[in-house]
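Biologist: Can you walk me through this one? I'd like to begin with the overall picture and then pick out some details.

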Amino acid sequence: MSDLQGKHLVLGLTGGIACYKAAELCRAFVKEGATVQVVMTEAAERFITPVTMQALSGRPVYTSQWDARESNGMPHINLSREADAIVIAPCSADFMARLVQGRADELLSLLCLARPIDRVPLLLAPAMNREMWAHPATQRNMAQLVQDGTTILGVGSGFQACGETGDGRMLGPHELLEDIVASMQPKLLRGRRVLVTAGPTFEAIDPVRGITNHSSGKMGFAVARAAREAGADVVLVAGPVALATPRGVRRIDVQSAREMLDAVQAEAMQADVFVATAAVADWRPASFSADKIKKAEGAAPPALAFVENPDILQAVAQGERARAGRLFCVGFAAESGDLLANAQAKRARKGVPLLVGNIGPAAFGQDHNEVLLVDAQGTWQLPRASKRALARTLVAEIAGRLTNP
Ligand code: C5P
């Protein structure tokens, strides 16, 4: 999926060692389908050459308001009107101060000032030494910029090029990309609290063994990401999976179904939406051996007995909050066939307003899927698409079904 398909971005670079990360960011924009026009300040040219940025963006870089390429002699007007967004990465402390003052004596600040403010968002990725970041002047400037309608993408924390450790590092290119893509999504769930379960559960037999399943967690993580992109406060309860936490999402890691139930019940009390994508193990070993079960010469293999796990979705959907209409529950059904009948039956059995059916073996671990939505009105097939795209559609479907707070 190309998250920036059809978008035209102006990528502005100001003076800072983080310019080396802007090269990777530019590549990431292009890879996601955007066209990118790079504009650099004189200080940025000290850190990285326009040739590098030209090669990565596929377009000559602009560095001066006196650039003769523009027939009307107004690159600040032309560049800012073509853009769907202007991203300044890295954005120096000095450049922030310049924006606050509305300075316009070089091309980048000039085009920021000249941009149609209601149509072209300005996003800043600050990058500076921790003392510069913490300085009241910088914090004051930042507050003013936010008031002026600018989006501040936040900073990272850790080891800095100057040898000090603290806040003020530019976020990594992929963190910035995720936040920039999120900033462009409609805020359909603003102010809502969304709880998502994802991944398999792991049911221990002894300290070294257990049973689990092939769920990768990709669909649930995509739902959590899409909900956050839509402006929700998101909690993701994840079974054991090897996936990065979506930006801005609070993650609670669990192993077993019972741990997942505990985490979900605690969080569901505050949630407005619960999406159960986790492939919870239906059964767990009836007993847990605190010591590793040893293989003995000539002895029969251990006989495993199982007991049923709690049904998390059912418990939440039948809870007080859901029954009072304050928690909208969505279930998933991973079937191996007869999707329609199975999904309809599961929706009724779980007591949820919306159920998403898919063919489990075809979906596990994949980046793409096709799903069937089932609600009281009928069924809709969502054609094959990336899990991220399906998650965004699902979030829109959920948002459309929520009653006003
Ligand atoms: O009954 P089945 O496991 O097919 O139901 C799938 C749906 O129920 C999914 O939404 C899954 O997350 C949820 N579920 C659950 N707790 C269980 C079993 C399933 O929350 N023990």
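Modeller: What follows is a tour of a predicted model, from the whole chain down to single residues.

Biologist: How many helices and strands are there in the protein chain?

Modeller: The protein chain has 15 helices and 19 strands. Its C-alpha atoms fill a box of roughly 80 × 55 × 40 Å along the principal axes.

Biologist: And what share of the residues is buried?

Modeller: Of the 405 residues in the protein chain, 50% are buried. As for contacts between residues at least 6 apart in sequence, 67% join residues at least 24 apart.

Biologist: Let's do sheets. What is the strand order in the open sheet of five strands?

Modeller: The order is β2-β1-β3-β4-β5, and the pairing is parallel.

Biologist: Which are the edge strands?

Modeller: They are β2, residues 35–40, and β5, residues 151–152; each of these pairs on one side only.

Biologist: What about β1 and β2, how many bridges?

Modeller: There are six bridges between β1, residues 8–13, and β2, in the parallel sense. One example is L11, whose bridge partner in β2 is V38.

Biologist: Which strands does helix α2 touch?

Modeller: Helix α2, residues 50–57, packs on the sheet and touches β1 and β2. The direction of α2 makes about 170° with that of β2.

Biologist: How many bridges join β8 to β11?

Modeller: Six, and the two strands run parallel; β8 is residues 193–198. R193 has D233 as its bridge partner in β11. Strand β12, residues 250–253, is also joined to β11, by four bridges and again in parallel. There, L236 has R251 as its bridge partner in β12.

Biologist: Switching to helices. At what angle do α8 and α9 pack?

Modeller: About 60°, with the axes 8 Å apart; α8 is residues 173–183 and α9 is residues 218–229. The two helices are therefore oblique to each other.

Biologist: Which residues meet there?

Modeller: From α8 there are E178, D179, V181 and A182, and from α9 there are R225, R228 and E229. By class, that contact has five charged residues, two nonpolar and no polar ones.

Biologist: Now a couple of single residues. Where is C112, and is C112 buried or exposed?

Modeller: C112 is in helix α5, residues 107–114. Its relative accessibility is 3%, so C112 counts as buried, the cut-off being under 20%.

Biologist: What does C112 touch?

Modeller: Leaving out residues up to four places away in sequence, C112 touches I86, I88, F95, L99 and L122.

Biologist: How far apart are the C-alpha atoms of C112 and A226?

Modeller: They are separated by 29 Å, and the two residues are 114 residues apart along the chain.

Biologist: Last one, D375. Where is the place of D375?

Modeller: D375 is in the loop between β18, residues 368–374, and β19, residues 379–386. With 8% relative accessibility, D375 counts as buried.

Biologist: Which residues is D375 in contact with?

Modeller: Apart from neighbours within four places in sequence, D375 contacts R347, P353, L354, W380 and R401. With R401, the side chain of D375 makes a polar contact of 2.7 Å.

Definitions and conventions: Residues numbered from 1 in each chain as written. Predicted model: local features only at pLDDT ≥ 70, side-chain atom pairs only at ≥ 80, totals over all residues. Heavy atoms only, no water. Pairing = 2+ DSSP bridges. Contact = heavy atoms within 4.5 Å. Axes fitted to C-alpha atoms, helices over the stretch in contact; angles between N-to-C directions. Parallel < 35°, antiparallel > 145°, perpendicular 65-115°, else oblique. Nonpolar A, V, L, I, M, F, W, Y, C, P; charged D, E, K, R; others polar. Buried < 20%, exposed > 50% of the residue type's maximum accessible area, 1.4 Å probe, protein only. Polar contact = N/O pair within 3.5 Å; in protein donor to acceptor, adjacent residues only side chain to side chain.
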